[in-house]
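Have the structure open and follow along.

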Amino acid sequence: MRTDVDLWSEYDLDSDSMARIHVAAQQVVSELDLELVLVRFVERAAALVGARRGAFGVLGRDGAFYRFVFYDEPGGEGLSPHSPFDGLHAGTRPRDAFVDGPHLRASVESGGTLVGTLFLAGPASGSFSREDDHLTRAFAGVGGVAIENARRYDDSARRIRSSLALSELSAELLAACSGEIYDAVARNVEAVVPSAFVTVVRPLPPGDQWRVEAAVGLNAPALLGGVYARKDSLAERAFASATLAVSSGPHEISVNGVASRFSCVIAVPLVTSEGVTAVIHFARGPGSPWFHDDELECLSDFGVRAGRVVESASTEFSRQRQAVVDERSRIARDLHDTVIQRLFAIGLNLQALGSVNPLLGSDIDVQTRQIDSAIIDLRSTVFELAHRASATAIDVRRRIIRLFTEYATNVEVVPHVTFRGPLDVVLPPGLADDIVAVVREAVSNIQRHAEGAAEKISVDIGGTGVQVVIDDIGAGIDPFAGPGGGMRNLSERARRRGGTFEVLRRSPQGTRVRWSVPLESEPGT
């Protein structure tokens with residue numbers, strides 16, 4: 001590490017100045033946390049030349065500053081409310097950076113690359129000297145070394161976290177069902193780069209909206225299952241270009257009428273061999289540092305690698321589903337070719353005995369009818385086995401039960417969940433996802449607006465339709481009030497499938513939410 005005299009040999013510094021730099025340098029280069037290094041660097045630089053204010057502008061790949069680290073003298077007695085750094089903003093280029101009044105500035109290089117500019121202002125003595133300028137430039141070299149060390153450490157730690165997250169994602173997906181893929185992605189990617197929240201969104205048919213498939217962090221329960229417009233969204237930029245997209249400044253995300261404001265948001269495409277299948281959002285709250293270039297590069301790489309893991313898991317899910325279908329077909333054939341034929345033969349033999357011995361005729365007729373009934377039941381089973389093409393219904397059960405397992409941790413009354421009807425029928429594409437999303441959105445709205453909890457949830461699948469009914473025991477959602485964002489989403493989901501959505505009062509209190517659609521419906525526009 002270059003912290004010795006050779007680092008400052010080009011400057012005209014006496015031994016006292018070099019000793020002061022050496023002490024300040026040790027306080028900076030001893031840190032490995034990048035954020036702390038930047039803060040310490042500006043503080044020590046200001047103290048070194050008697051500056052009451054300091055700033056360090058961090059450069060992005062486009063050559064413009066994307067964030068600043070500021071320092072004001074502790075206490076601030078006598079400091080003007082007007083900062084000399086008011087002219088420094090994200091997006092400013094070094095040559096255009098304006099600082100009011102007497103100040104010093106020095107470029108900072110790390111690993112041979114220009115990474116930022118150090119600004120010092122408000123000299124305690126009223127002005128800066130030539131020696132102060134040399135001290136600032138010399139100390140900028142120290143900052144470059146410290147930043148390089150911290151970035152290397154940070155990058156190494158981040159790569160380790162990324163590898164661990166991918167390993168855990170792979171292991172988790174092996175045990176998950178297909179509906180849990182994006183939940184697993186969100187949970188594991190959260191550990192890679194510090195963020196206020198992480199969401200995974202997918203296009204919602206017919207293609208003009210995004211649906212939040214998974215969310216972790218700030219406002220996660222309110223965001224889950226929500227939809228918002230694709231047009232002009234950050235996610236759309238990432239989806240269309242198959243590359244990472246970054247907000248140019250503070251960014252607001254509004255889903256289901258819930259608006260969340262962040263200092264910076266990035267959208268990372270989840271890339272598979274068939275293209276982009278989903279987009280991952282990462283966001284940091286107001287006042288938090290922007291994502292720096294090393295983090296962006298890591299997340300972009302994670303999106304590609306995670307896409308491969310998800311694709312591999314999806315392929316395995318398909319293989320397992322096909323294996324189940326093949327096994328059910330084999331069982332159906334065996335039942336039809338052996339068991340039913342043998343029962344049929346036994347029935348014929350009994351009828352033959354009845355004709356020989358009329359005294360047993362009535363008893364044999366009873367047994368024969370029971371055999372006929374068993375044959376009918378077996379044929380129904382054969383039909384279901386032969387036509388059961390996927391594990392969608394099982395996924396629906398698991399996902400709803402899993403949803404309420406998480407929901408139960410936040411409420412005193414655990415809802416009673418029932419499933420009725422032949423859930424093993426083949427559901428149309430997307431309908432299973434809609435059923436889970438409807439339950440999630442309805443329960444979320446009950447929590448927010450009804451001041452209560454869901455008491456009963458039922459999912460009924462009949463011969464022609466699917467009905468989801470949710471009863472709550474709260475104050476009730478006024479059915480005559482204008483629909484909020486979540487209720488509009490439920491109504492829109494029903495409308496697109498040619499179904500109905502109702503919000504009804506219960507007596508003596510509470511609300512009933514009923515969502516019904518035809519079983520063979522396809523989402524329209």
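A cavity here is a set of grid points where a 1.4 Å probe fits but cannot get out, and its volume is the space filled by probe spheres set on those points. Please keep in mind that this is a predicted model. By this rule there are two cavities of 30 Å³ or more.

**The largest cavity**
- The largest cavity holds about 70 Å³ of space.
- Its lining includes Leu34, Glu35, Phe56, Tyr66, Arg67, Arg151 and His292.
- Helix H2 (34–49), strand E1 (51–59), strand E2 (65–72) and H3 each give two or more residues to this lining, and H2 gives the most, with three.
- By class, the lining has seven nonpolar residues, one polar and three charged.

**The second largest cavity**
- About 40 Å³ of space lies in the second largest cavity.
- Among the residues that line it are Phe197, Thr199, Val201, Tyr228 and His281.
- Strand E5 (197–204) and strand E9 (251–255) are the elements giving two or more residues to this lining; E5 gives the most, with three.
- This lining has seven nonpolar and two polar residues, and no charged ones.

**The nonpolar cores**
- In the largest nonpolar core there are 66 residues, and Phe56, Phe139, Ile280 and Phe282 have the most contacts inside it.
- Helix H3 (residues 130–175) gives the most to this core, with eleven residues.
- Apart from this core lies another one of 27 residues, including Ile400, Leu431, Ile457 and Ile470.
- Leaving out residues up to four places away in sequence, Ile280 touches Val185, Val198, Thr199 and Ile266, among others.

Terms used: Residues numbered from 1 in each chain as written. Predicted model: local features only at pLDDT ≥ 70, side-chain atom pairs only at ≥ 80, totals over all residues. Heavy atoms only, no water. Core = buried A, V, L, I, M, F, W, Y, C linked by side-chain atoms within 4.5 Å. Buried < 20%, exposed > 50% of the residue type's maximum accessible area, 1.4 Å probe, protein only. Helix = DSSP H or I, 4+ residues; strand = E, 2+ residues; numbered from the N terminus. Contact = heavy atoms within 4.5 Å. 1 Å grid on protein atoms, 1.4 Å probe; cavity = no way out; pocket = protein on both sides within 12 Å on 5 of 7 lines; lining within 4 Å. Nonpolar A, V, L, I, M, F, W, Y, C, P; charged D, E, K, R; others polar.
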